[in-house]
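The exercises below ask you to work through helix packing, a nonpolar core and a chain interface, one step at a time.

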Amino acid sequence: MIIDINFVGLIITSIMASAVPLILASCGELITERSGVLNLGVEGMMIIGAISGFALMTVTGSLIIAVFGAMLAGVLISTIFAFLTQTLITNHVATGLALTIFGIGISAMIGKNFVGIPGKEFPVLFGSLKDAIPFLSPILFGHSIVFYFAFALPFITNYFLKKTKIGLIVRAVGDSPDSASNQGINVRLVRYLCILYGGAMCGLGGAYLSMIYTPQWIENMTGGRGWIALALVVFSTWNPIKILIGAMIFGGLTIIQFHMQAIGVRIPVQFLTALPYIVTIIVLVVISRDSRKIRLSTPSSLGKSFYKDN
Amino acid sequence: MEYLWEEEKLIKIVKRDQPSRTIFFLTPVLAIFLTLVAGGLIFYILGFKPFESLKFFFIVPIADMYGFSELLLKATPLCLIAIGLSFCFKSNNWNIGAEGQLTFGAIVSGGVALLFYDQEGFYILPIVILAGAIGGMLYASIPAILKTYFNTNEILVSLMLVYVSKLILDYLVVGPWSNPEGFNFPETRQFSDSARLPLLVEGLRIHAGIFLALAAVVISWFIFDKTYLGFQMKVSGFSLKTAKYAGYKGKKMIILVFLISGACAGLAGVGEITGPIGQLHREVSPDYGFTAIIVAFLGRLNPVGIIFASLVVAITYLGAETAQIFMQIPKYTGQVFQGMILFFLLASDYLLFFKIKFIGSKK
């Protein structure tokens, strides 16, 4: 059997494309969690981003408005979460669940009028170089700007957390809110901003799905990606670079499923569809078994409310 | 500047020494009221008449006997699952995959019911019900065991298993279990009458599954209020450290509460397939397992509270259907209402821990 090297290149490209929404959402959630906040509303924020981006693109015709609008929608919906958990000191887990249920409902409600409308073509960068080098060209060139941004984001996030002062503040707030507060850091403000940033990235991840990847609006189209993104953060042990690896593995699982069906492998389609979820569980088990490692890398105040009596 | 502002401040928010018990049970009512107001606002924004919409959503569906029976029909699985979840949530275990446990319970009990599809006999129904409870327990034991022995996050595992269970069900009803005389519809044979829960009133859909829910309410009240086990669960919920210090067997307790909630969710699955549905097909539950999380919180994890909460939340299911038929309001409004109830409930919890004091301006 001769393996066509260009075909392999295309498969890698499609794996990378399906990893994009996971990378964006996970990197956003990673910052939120590093500040000590556990936001389980990723799925809800992504789906809100997906419908907002698609709806704005259809209504205004402007891709720029649509992309930024989707991020803004993610910010707005995460403001509810931030207000509840930070100002009203509610439980993070329950509030995040409410956000997901609410987001799925609202998106389906808005999306009712956008079902079946074809998407627009999203402009690609370096399109002319697409056939220049065999194998490498399809991987490197001819993608949307969101695609390139997603693959740069883990490195940016890593730099931000490790080398900048604000990154240090975020980590301090997540690891020891009391000492951070004593140092004069406004813990609540930092956490607010980290939550809103997470919302923006989840919104962008959702918009990538509905505007570039699919591209159309399908009800409930995130299909559990938000939850997989949450699992990826644990998988990465809160290290942005490892998110990249994790997202590629899960992207690969999604893509393999299509190709297996295409070559006619006789495995029930439902089993292949279930694969990413099953692998997520297995990976979580393997990662979490070493409880010491998890305890060392988890932000110490993750999911705990911070209240300062004044 | 800050000093000046302090001086002009008329109200002050003070932390309560102890959470107020009255407010503990009043805030759910406040949350429902705020949800109605916000819901009316959403209807208005969408271009519907707010009061008429709310009437179609919350009053018209339960205005007659049929509607009332439908309300109890929907409240039954919600109540049953929420009772199970209250065990988990009280002891600080976040089982959010009840939907998967329900589905797996339905698969196991449905499989057993299909074995007896051409038989009649009083013994069939108890076996089918038992199978459902066992199915739910088996499925809930996965996140429980992974949490206790492999330190794995139960939230993510239980949730991932929801997707897996729905795909297993899909595979079975399309493939090996599909009705041989069913023209390839994605459904199994009809169960025999002996595998069906009896109807309570002729002509209405309300069935004997409601007694399962009521039994769960009584049993859970008994365990929480009258047994040492219930006390241990509550203590673990307040403080894991205290529980450890007191020497409670933490791991066993985690597995136990998951098994209880799995059994309840599995029973809810049995109730659906042997009650109104009568066979297995793709959609055994309209997300009852997720909605029950809201019911559990709205009912304050209290057995009696959960009964009321399940009735209130069940209306959102019926209301969404009625509003869609009569006013073309999209049916997802139900989910929006459910999300809002939980938001408002959590928000009004603020009043539990803090009070607003009017202190007047000091000049």
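For the first exercise, an angle under 35 degrees between two axes counts as roughly parallel. The model is a predicted one.

**Exercise 1.** Determine how helix 4 of chain B and helix 8 of chain B are oriented to each other, and describe the residues of their contact.

Solution. Begin with the geometry: helix 4 (residues 65–90) of chain B and helix 8 (residues 209–226) of chain B pack at an angle of about 30°, and their axes are 9 Å apart. The two helices of chain B, helix 4 and helix 8, are therefore roughly parallel to each other. Next, take the handedness, which is that of a left-handed crossing as helix 4 of chain B passes helix 8 of chain B. Finally, turn to the residues: helix 4 of chain B contributes, among them, Leu72(B), Ile83(B) and Phe87(B), while those of helix 8 of chain B include Gly209(B), Ala213(B) and Val217(B). By class, the residues of this contact comprise 10 nonpolar, 4 polar and no charged.

**Exercise 2.** Which residues have the most contacts inside the largest nonpolar core?

Solution. Within this core of 207 residues, the ones with the most contacts are Ile23(A), Ile81(B) and Ala82(B). Its largest share, 16 residues, comes from helix 9 (residues 187–213) of chain A.

**Exercise 3.** How many residues of chain B are in contact with chain A?

Solution. The contact involves 36 residues of chain B and 40 residues of chain A. On the side of chain B that touches chain A, 25 residues are nonpolar, 8 polar and 3 charged.

Note on methods:
Residues are numbered from 1 along each chain as its sequence is written. Chains are lettered from A and ligands numbered from 1 in the order in which they are written. This is a predicted model: local features need pLDDT of at least 70, side-chain atom pairs count only at pLDDT 80 or more; totals for chains, interfaces and linings use all residues. Axes are lines fitted to C-alpha atoms, for helices over the stretch in contact, and angles run from 0 to 180 degrees between N-to-C directions. Helices (H or I, at least four residues) and strands (E, at least two) are DSSP runs, numbered from the N terminus. Angles under 35 degrees count as roughly parallel, over 145 as roughly antiparallel, 65 to 115 as roughly perpendicular and the rest as oblique. A crossing is left-handed if the near helix is turned anticlockwise from the far one by less than a right angle, and right-handed if clockwise. Two residues are in contact if their C-beta atoms, placed from the backbone, lie within 7 Å. Ala, Val, Leu, Ile, Met, Phe, Trp, Tyr, Cys and Pro count as nonpolar, Asp, Glu, Lys and Arg as charged, and the others, Gly among them, as polar. A nonpolar core is a set of buried Ala, Val, Leu, Ile, Met, Phe, Trp, Tyr and Cys residues joined through C-beta atoms within 7 Å. A residue is buried if 20 or more other C-beta atoms lie within 10 Å of its own, exposed if 12 or fewer, and partly exposed in between; C-beta atoms are placed from the backbone.
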